[in-house]
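Hi everyone, thanks for having me.

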Amino acid sequence: MAIYREKDVFERRNAANDAKKALLEKYKARPAADDPAVVARQAERKAILEARAIREAEKEKLRQERLAREAGEKAEREAKAEAERLAAEEAAQADAKAREAEEGDRIARLLADEAERKAKRDARYAARKARGKRMPPSANYG
């Protein structure tokens with residue numbers, strides 16, 4: 001079994017200094033900005049960014065075209081629905097006018113029938129009155 005030993009201050013300080021030196025060496029060892037590998041990497045990154053910008057522009061263009069097409073289709077659907085609604089409304093108005101005219105004809109027929117019945121009744125009444133006003137036979141010799 002290993003025994004855990006705590007590092008003292010000097011060992012920790014030396015370890016930190018060694019880590020700092022390693023980082024400094026790593027920084028110094030990196031290639032310069034004019035190194036062909038660095039330039040190639042930068043050119044590659046630039047090409048990738050340009051390609052990404054082109055793809056995004058194309059995607060945005062397609063999205064705008066799709067939105068315009070959808071807006072046109074929506075306007076067409078709304079115009080068609082409006083035309084159907086107006087046609088249905090006109091049909092309902094025509095139907096209402098036809099029902100109203102039919103009701104007016106029915107009322108006119110009822111009034112004509114009633115007037116005819118009244119005329120027949122008045123004729124019967126007048127005939128009855130005329131029969132009732134006949135002079136009795138004894139009244140003629142008077």
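I'll go from the overall shape to the salt bridges, and finish with a patch of charge.

First, some housekeeping. This is a predicted model, where local features need pLDDT of at least 70 and side-chain atom pairs count only at pLDDT 80 or more, while totals for chains, interfaces and linings use all residues. Residues are numbered from 1 along each chain as its sequence is written, and side-chain values use heavy atoms, with hydrogens and water left out.

Okay, the overall shape. The protein chain has two helices and zero strands; helices (H or I, at least four residues) and strands (E, at least two) are DSSP runs, numbered from the N terminus. The chain is more spread out than a compact globule, because its radius of gyration is 55 Å, well over the 14 Å that the globule rule gives for 142 residues. That radius is taken over C-alpha atoms, and the globule rule is 2.2 Å times the number of residues to the power 0.38. If you box up the C-alpha atoms along the principal axes, you get roughly 170 × 50 × 25 Å.

Buried means under 20% relative accessible area, exposed means over 50%, and partly exposed is in between (1.4 Å probe, protein chains only). The accessible surface of the chain comes to about 13,600 Å², and 57% of that belongs to carbon and sulfur atoms. Those areas come from the Shrake-Rupley method with a 1.4 Å probe, and for residues, only the protein chains shown count as cover.

Now find Ala-29, in helix H1, which covers residues 9-29. Ala-29 counts as exposed, at 62% relative accessibility. From Ala-29 to Ala-94 you go 65 residues in sequence and 93 Å in space, C-alpha to C-alpha.

On to salt bridges. A salt bridge here is a side-chain nitrogen of Lys or Arg within 4 Å of a carboxyl oxygen of Asp or Glu. The whole structure has seven of them. Take Glu-60 and Arg-63, whose side chains meet at 2.8 Å, N to O. Both sit in helix H2, three residues apart, about one turn of the helix. Glu-60 is partly exposed at 35%, and Arg-63 is partly exposed at 35%.

Further along, Arg-85 pairs with Glu-89 at 2.9 Å, and these two are four residues apart in helix H2. Which residues are linked in a network of salt bridges? Glu-82, Arg-85 and Glu-89. Then there's Arg-99 with Asp-95, where the closest N and O atoms are 2.7 Å apart. Asp-95 is partly exposed, with a relative accessible area of 42%.

Last topic: charge. The chain has 37 positive and 30 negative side chains, and the centres of the two sets lie 6 Å apart. Lys and Arg count as positive and Asp and Glu as negative, with His and the chain ends not counted. Each charge is placed at NZ of Lys, CZ of Arg, CG of Asp or CD of Glu.

Lys-118, Arg-121, Arg-124, Arg-128 and Arg-131 form a positive surface patch. Patch residues have over 30% relative accessible area and no salt bridge; like charges are joined within 9 Å, and nonpolar side chains (Val, Leu, Ile, Met, Phe, Trp, Tyr) within 5 Å. Arg-124 is in helix H2, residues 36-132, and it is exposed at 52%. That's my tour, thanks!
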